[in-house]
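Have the sequence and the 3D view open as you read.

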Amino acid sequence: MYDYIIVGAGFFGAICAHELHKKGKTVLVIESRSHIAGNCYSENRDNINLHVYGPHIFHTSNEEVWKWINQFATFNNFVYTPVANYKEKLYALPFNMWTFYQMWGATSEQEVKEIIKKQSSVITGEPKNLEEQAIKLVGCDVYNTLIKGYTEKQWRKSATELPKEIIKRLPVRYTFDNNYFNDKYQGIPVGGYTKIFENLLEGIEVRLNTDYFNTELPEHNKVIYTGPIDKYFGYKHGKLEYKTVELDHMRIDTPNYQGVAVINHTDKDVPHTRTIEHKHFEKSDSPVSWVSWETPVEYIPEKTEPYYPVNDASNTEIYNRYKAEADSQSKVIFGGRLGEYKYYDMHQVIASALNCAKTLL
């Protein structure tokens with residue numbers, strides 16, 4: 001008899017398992033994949049820790065979360081400074097004075113703001129979608145060069161169909177600061193992410209290659225479910241949309257392929273959105289390199305991996321129906337990016353999971 005069966009060995013599930021196990025609860029973790037760590041899973045190849053499901057950069061300003069995660073990993077001082085490639089011309093990201101200089105030759109905040117004000121005057125009133133919000137923030141030139149093609153490839157939708165909140169996640173600076181995140185703490189776990197999950201799940205029973213929906217489970221009191229919420233309820237209110245990608249990993253016989261961890265490809269005619277050179281996350285001295293090409297693909301429930309929820313109006317309406325049903329479940333707790341249909345960053349998932357565990361203890 002288990003106190004808890006936890007469905008999913010990603011951050012939310014593994015953290016709940018760890019915290020509950022630490023307080024003496026009997027816990028079984030089941031995972032449909034052949035490995036723990038969810039989309040944070042990393043593999044060591046040629047002394048390079050490959051982010052198998054795409055790049056994960058840990059960042060937070062939450063002191064509690066930072067102290068907590070440092071129990072399970074040592075973080076390096078990696079700072080995320082991606083580069084954008086548009087028609088073979090390179091631009092600095094996130095949007096900062098380097099970007100504006102490369103775009104317009106502008107060297108002062110006043111000059112940049114005047115250009116943006118002039119270009120964004122085509123948007124009147126409150127922005128209604130991502131395109132209007134982006135133009136309002138950075139003007140037409142930056143939008144058309146660095147946002148439109150990339151975003152529409154990434155989400156497989158017109159920017160006019162996407163919620164404006166997505167673009168609000170991106171910083172805009174009037175300094176020569178290429179650090180993508182504003183958070184106090186940032187880094188990559190030395191040795192890869194998988195080690196964190198091995199430490200979290202130490203001493204806990206984990207069953208891999210186990211599908212919650214097609215497995216006869218042992219007796220238990222409660223379930224913590226971190227899979228897609230629509231799948232749990234048999235898609236009765238409709239299928240939720242997710243952004244998903246395919247990653248083509250390639251070993252390249254060179255010590256340095258692109259000189260930076262991530263390049264965003266913003267030209268709509270280039271099918272992939274990013275190239276990721278994993279050795280730069282931890283400054284590996286491997287004589288070879290592993291590079292991944294990330295290409296958005298159509299999300300097909302139960303056939304492709306769900307990555308990011310599409311929190312537009314129609315999907316939110318569907319999710320709210322599932323949420324109402326989930327709230328009525330006395331023995332099932334829904335958590336994580338898929339269970340709550342939220343665009344969580346890693347530190348936000350950790351905070352949510354720690355809070356969930358506290359309420360259960």
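Leaving aside residues up to four places away in sequence, D312 touches K157, P163 and E241. Keep in mind that this is a predicted model. D312 sits in the loop between β15 (308-309) and α10.

## Charge pairs

How many salt bridges does a search of the whole structure find? The tally is 19. One of them joins K236 to E325, with the closest N and O atoms 3.1 Å apart. K236 belongs to the loop between α8 (229-232) and β11 (242-252), while E325 is in helix α10, so this pair ties together parts that are 89 residues apart in sequence. K236 is exposed, at 53% relative accessible area, and E325 is partly exposed, at 21%.

Helix α10 also holds R321 and E317, which are 4 residues apart, or about one helical turn. Those two form a salt bridge too, with the closest N and O atoms 3.1 Å apart. R321 is partly exposed, with a relative accessible area of 37%, and E317 is also partly exposed, with 47%.

Elsewhere, R207 pairs with E205 in a salt bridge, and here the closest N and O atoms are 3.0 Å apart. R207 counts as partly exposed at 31% relative accessibility, and E205 is partly exposed at 32%. There's a network to look at as well: salt bridges link E131, K148 and E152.

## The second largest pocket

Now for some open space. The second largest pocket holds about 270 Å³. It is lined by 16 residues, and those closest to the pocket centre are D327, I333, F334, E340 and C356.

Which elements each supply at least two residues of that lining? They are α10 (313-327), β16 (332-334) and α12 (346-360). The largest share, 5 residues, comes from α12. Sorted by class, the lining has 9 nonpolar, 4 polar and 3 charged residues.

Key: Residues are numbered from 1 along each chain as its sequence is written. This is a predicted model: local features need pLDDT of at least 70, side-chain atom pairs count only at pLDDT 80 or more; totals for chains, interfaces and linings use all residues. Side-chain values use heavy atoms; hydrogens and water are left out. On a 1 Å grid over the protein atoms alone, a cavity is a set of points where a 1.4 Å probe fits but cannot get out, and a pocket is an open set with protein on both sides within 12 Å along at least five of seven lines; lining residues have an atom within 4 Å of a point. Grid points are joined across faces, edges and corners, and a volume is the space filled by probe spheres set on the points. Ala, Val, Leu, Ile, Met, Phe, Trp, Tyr, Cys and Pro count as nonpolar, Asp, Glu, Lys and Arg as charged, and the others, Gly among them, as polar. Contact means heavy atoms within 4.5 Å. A salt bridge is a side-chain nitrogen of Lys or Arg within 4 Å of a carboxyl oxygen of Asp or Glu. Buried means under 20% relative accessible area, exposed over 50%, partly exposed in between (1.4 Å probe, protein chains only).
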